[in-house]
Amino acid sequence: METENQKLQATESDLQNKRLKLDYDEITPCLKEVTLVWEKMLGTPARAKVKFDTETIHAAVAQGVPRQHRGEIWKFLSEQYLLRQTVPSRPPANPTPYKELLKQLTSQQHAILIDLGRTFPTHPYFQAQLGAGQLSLYNLLKAYSLLDPEVGYCQGLSFIAGVLLLHMGEEDAFNMLKFLMYDVGLRKQYRPDMIILQIQMYQLSRLLHDYHRDLYVHLEQQEIGPSLYATPWFLTAFASHFPLGFVARVFDMLFLQGSEVIFKVALSLLGSHKPLILQHESLESIVDFIKTTLPNLGLVQMEKTINQVCQMDMSKQLQAYEVEYHVLQDELLDTPPSLNQQQRTAQLERTNQSLRQQNLDLLEELQVSHAHVCSLESRVEAVAQSEGRLREQVSALEGEKKQLASTAARLRDLLTGLGIHTTPEGRTLPQPPGRRAKTDDGEGPLVLPEGS
């Protein structure tokens with residue numbers, strides 16, 4: 001009885017803990033029929049090896065993710081993401097399991113401890129100083145700092161880890177953190193040189209220029225670059241400033257589409273608040289609005305943003321702008337210091353024009369290559385289907401062959417019993433001399449051996 005009571009208390013504690021973790025306002029409520037679709041996919045045998053229909057998964061994510069299954073769905077989406085990767089990512093150099101990492105010491109301990117109380121300070125699961133939430137967060141960040149010494153621990157990473165812990169256990173959260181960092185590629189923005197973060201800020205600026213030119217000009221006039229407001233968006237995947245229900249939906253999309261989602265969300269947020277941002281005329285008021293007012297989204301605005309993200313595709317532009325950034329950096333390094341500002345500007349304009357042409361050429365090549373890949377994939381799929389059909393036919397013919405062989409054997413036995421001998425090829429051998437006799441039923445002659 002005592003053991004059963006302990007089990008019951010542990011179960012009740014787990015349920016209470018889960019309710020505590022999932023204490024946030026949900027957006028995009030998941031209808032019962034959508035929940036059934038998710039449960040069917042999650043319950044598929046050997047699902048980690050099954051490549052599900054992409055459109056079905058995208059439609060399910062767009063229609064909502066049931067909060068109680070969210071952690072398991074993130075694991076499912078990570079499996080599907082890996083199955084579709086044509087180029088495998090570089091795994092961590094350190095293969096040490098999570099439980100073994102927890103037994104080691106980290107040089108990042110002090111930095112991690114300082115940030116524990118700053119991570120979701122108002123959420124009940126993380127509120128208690130060195131309570132269950134903070135201890136789990138410490139374990140997760142410590143283990144990752146040992147797994148990936150190059151990154152170690154960086155501010156912002158605690159929010160990513162915290163969101164994962166709210167939806168799954170420690171070890172699963174650690175595996176999903178590895179997936180986001182190494183397979184999705186988030187770890188690049190946390191490296192000490194921060195070069196990738198600089199590239200991301202440049203890409204966001206160029207996207208603003210393309211999609212919301214008036215807002216881009218307004219921000220440029222006040223000398224407001226994305227690094228003044230968007231850095232925490234990228235380093236925490238919006239978790240440090242935005243409502244948790246919205247952040248959970250961003251993570252749904254992050255597991256589905258990869259790091260491109262952060263650009264889409266940022267662009268959608270800035271575009272939807274453009275009229276309000278344009279009303280502000282000073283650097284301080286614009287930055288304050290973007291940092292404090294913009295994150296206080298209503299449920300309708302949150303859902304609208306996620307719906308826009310589902311429909312956006314900017315992967316080609318992001319690739320082109322990354323190349324553009326590197327070329328511009330090279331040009332700036334190669335520019336002679338003797339040139340005056342006007343000459344430098346003219347040179348940069350020529351470089352920009354050249355880069356735009358290169359971008360167009362690269363995009364055209366990319367489209368051709370993509371079409372070629374799609375064609376090859378279709379051919380491979382057709383060959384695989386043809387091979388499957390042929391295997392089925394061969395299997396059926398082998399079964400038919402066995403049946404015919406069995407029938408032939410029975411016929412030979414029957415003929416032998418009747419005194420008719422045949423060769424293996426089925427030809428009748430000459431009968432020995434003898435006399436004819438009636439069969440038992442009297443309906444036909446039977447050849448009897450001599451002397452019978």
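**Two helices side by side**

Helix α4 (residues 70–84) packs against helix α14 (residues 244–257) at an angle of about 20°, and their axes are 8 Å apart. That makes the pair roughly parallel (angles under 35 degrees count as such). This is a predicted model, where local features need pLDDT of at least 70 and side-chain atom pairs count only at pLDDT 80 or more. Residues are numbered from 1 along each chain, and side-chain values use heavy atoms.

So who touches whom? Contact means heavy atoms within 4.5 Å. From α4 come R70, W74, L77, S78 and Y81, while the α14 side includes F251, D252 and F255. The residues of this contact divide into seven nonpolar, two polar and three charged.

**A salt bridge at R70**

R70 also pairs up with E26 in a salt bridge, with the closest N and O atoms 3.3 Å apart (the cut-off is a side-chain nitrogen of Lys or Arg within 4 Å of a carboxyl oxygen of Asp or Glu). E26 sits in the loop between α1 (2–21) and α2 (32–42) and R70 in helix α4, so the pair ties together parts that are 44 residues apart in sequence. The whole structure has 16 salt bridges.

Terms used:
Axes fitted to C-alpha atoms, helices over the stretch in contact; angles between N-to-C directions. Helix = DSSP H or I, 4+ residues; strand = E, 2+ residues; numbered from the N terminus. Parallel < 35°, antiparallel > 145°, perpendicular 65-115°, else oblique. Nonpolar A, V, L, I, M, F, W, Y, C, P; charged D, E, K, R; others polar.
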